Amino acid sequence: MKVILQQDVKGKGKAGQMVEVSDGYARNFLLPKKLAVIATDGNVSVMKQQEKARQKKMEADKAFAAEIAAKLEGVIVKIPAKAGAGGKLFGSVTSMEISSSLAEQHGIEIEKNKITQDEPIKTFGTFEVKCKLGFEITGVIHVLIVES
């Protein structure tokens with residue numbers, strides 16, 4: 001029996017896929033738990049429309065990520081920090097501070113978990129911090145740590 005999966009089913013497929021399963025498996029497990037619907041002509045056309053909408057959204061998200069990466073090209077984020085003797089900072093500059101300063105100074109919103117730091121920033125100076133924007137697009141944030 002051909003069914004269209006409504007949710008991911010381990011060992012069968014992902015949501016939105018049309019798969020061939022045994023009649024008993026479909027009637028006794030997939031259909032009662034609303035994990036799948038029978039692949040009728042109407043359901044197949046709905047599946048195709050949903051797939052088109054998902055592709056369109058994915059393309060828009062990819063374009064948005066590329067746009068943000070382009071905006072980050074000429075941006076320098078200044079973060080004031082306090083330091084002790086020898087220029088060592090008290091603590092370190094975190095991705096949360098970088099994210100909030102970027103939004104505050106330039107209006108570019110990037111989630112803190114998308115910002116990747118190879119090592120913590122513990123001194124004054126200029127640093128390049130990478131951020132993963134999705135769809136294999138990465139941007140570089142130029143961070144300037146200054147004494148407050």
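Partly exposed, for a residue, means a relative accessible area between the cut-offs for buried (under 20%) and exposed (over 50%), taken with a 1.4 Å probe on protein chains only. By that scale Phe29 is partly exposed, because its relative accessible area is 30%. This is a predicted model, in which local features need pLDDT of at least 70, side-chain atom pairs count only at pLDDT 80 or more, and totals for chains, interfaces and linings use all residues. Residues are numbered from 1 along each chain as its sequence is written, and side-chain values use heavy atoms, with hydrogens and water left out.

Start at the rings. The structure has one aromatic pair (rings of Phe, Tyr and Trp, the last by its six-membered ring, with centres within 6.5 Å; planes under 30 degrees apart are stacked, over 60 edge-to-face, the rest tilted). Tyr25 and Phe29 are stacked, because their ring centres are 5.4 Å apart and their planes meet at 20°. Both residues sit in helix H1 (residues 23–30), four residues apart, about one turn of the helix. Helices (H or I, at least four residues) and strands (E, at least two) are DSSP runs, numbered from the N terminus.

Tyr25 is partly exposed, at 27% relative accessible area. Lys12 lies over the face of Tyr25, 5.2 Å from the ring centre (the criterion: NZ of Lys or CZ of Arg within 6 Å of the centre and within 35 degrees of the ring normal).

Now the strands. Pairing requires at least two DSSP bridges between two strands. S8 (residues 125–134) pairs with S6 (residues 115–116) in the antiparallel sense, over two bridges. S8 also pairs antiparallel with S9 (residues 137–147), over nine bridges. Cys131 of S8 stands opposite Ile115, and its bridge partner in S9 is Gly139. In the S8–S9 hairpin, with two residues between the strands, Phe135 takes a positive phi near 55°.
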